[in-house]
Amino acid sequence: MAATMGARANEPPAAWTAGATVATTITFDDFYHAHFGSVTAQLSAYTGDLGHAQDLAQEAFCRALARWDRLVRYDDPVAWVRQVAWNLARSRWRRLRTARNHLLRQRRTEAEVAGPTPDRVAIDTALAQLPANHRRAVILHYLADLPVSQIAAQEGVAEGTVKSWLHRGRTALAGLLDENTEGVCDV
């Protein structure tokens, strides 16, 4: 049976009058205009989001257009479109649930990571107050375990310059860290 259209939008594909079908074979445009609103309304009630419901209905009708030559011969082509739209909506919910579960697992892992210790905060604060060259030399030598020769090659300076930066950086850090520990007493 060919898909047919009555006089008004959202009517069933065929209107029966005295036992005979009174309608003409419809084009995809007529089909789309007749049923887009009802499919969208159903999806909107399901998803709670009109914009997303319109997107889902549009995708379902695009898939119907690609198969229109076969779909037009169905008894109820709008049922096919509705089923595709509902499947798309369910797939969206599954993707959202999977993404949410992944994020929750990530947050649990992140929540278990301890924050910085007071010593770490003091060192970071003191390092931030050093001149850039001294800070890089101290970090590369003491945190990255690079030898003076490799730091000199990386920075493009003589080894004596790096040794000077390290000496001045250590001296400045010692003064800055001693200032931070003046109020702390041994317990």
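This is a predicted model: local features need pLDDT of at least 70, side-chain atom pairs count only at pLDDT 80 or more; totals for chains, interfaces and linings use all residues.
Good morning. A residue is called buried when its relative accessible area is under 20%, exposed when that value is over 50%, and partly exposed in between. Thr161 belongs to helix α8, which covers residues 159-180.

Let me now turn to the chain as a whole. The protein chain contains eight helices and four strands. Read from the N terminus, the order of elements is β-β-β-β-α-α-α-α-α-α-α-α. Of the 187 residues, 28% are buried. Among contacts with a separation of 6 or more, 52% join residues 24 or more positions apart.

My next topic is a pair of helices. In general, two packed helices are described by the angle between their axes and the distance between the axes. How do the axes of α1 and α2 cross? Helix α1, residues 28-47, and helix α2, residues 50-66, have axes that come within 8 Å and cross at roughly 140 degrees. An angle over 145 degrees would count as roughly antiparallel; α1 and α2 are therefore oblique to each other. The crossing of α1 past α2 is right-handed. Which classes of residue form this contact? There are 13 nonpolar residues, seven polar ones and no charged ones. The residues on the α1 side include Phe28, Phe31, Tyr32 and Phe36, and those on the α2 side include Leu50, Leu56, Phe61 and Leu65.

Let us move on to helix α6. Why does the length of α6 agree with expectation? This helix has 12 residues, 132-143, and at 1.5 Å a residue it should span 16 Å; its end C-alpha atoms are 16 Å apart, so the two values agree. The buried residues of α6 are His134, Ala137, Val138 and Leu140.

After α6 comes Asp145, with a positive phi. Asp145 sits in the loop between α6 and α7, the latter being residues 148-155. Is Asp145 buried or exposed? Its relative accessibility is 62%, and Asp145 therefore counts as exposed. As a general rule, most residues other than glycine have a negative phi. Asp145, a residue other than glycine, has a positive phi near 55 degrees. Thank you for your attention.

Key
Residues are numbered from 1 along each chain as its sequence is written. Side-chain values use heavy atoms; hydrogens and water are left out. Helices (H or I, at least four residues) and strands (E, at least two) are DSSP runs, numbered from the N terminus. The expected span of a helix is 1.5 Å times one less than its number of residues. Buried means under 20% relative accessible area, exposed over 50%, partly exposed in between (1.4 Å probe, protein chains only). Axes are lines fitted to C-alpha atoms, for helices over the stretch in contact, and angles run from 0 to 180 degrees between N-to-C directions. Angles under 35 degrees count as roughly parallel, over 145 as roughly antiparallel, 65 to 115 as roughly perpendicular and the rest as oblique. A crossing is left-handed if the near helix is turned anticlockwise from the far one by less than a right angle, and right-handed if clockwise. Contact means heavy atoms within 4.5 Å. Ala, Val, Leu, Ile, Met, Phe, Trp, Tyr, Cys and Pro count as nonpolar, Asp, Glu, Lys and Arg as charged, and the others, Gly among them, as polar.
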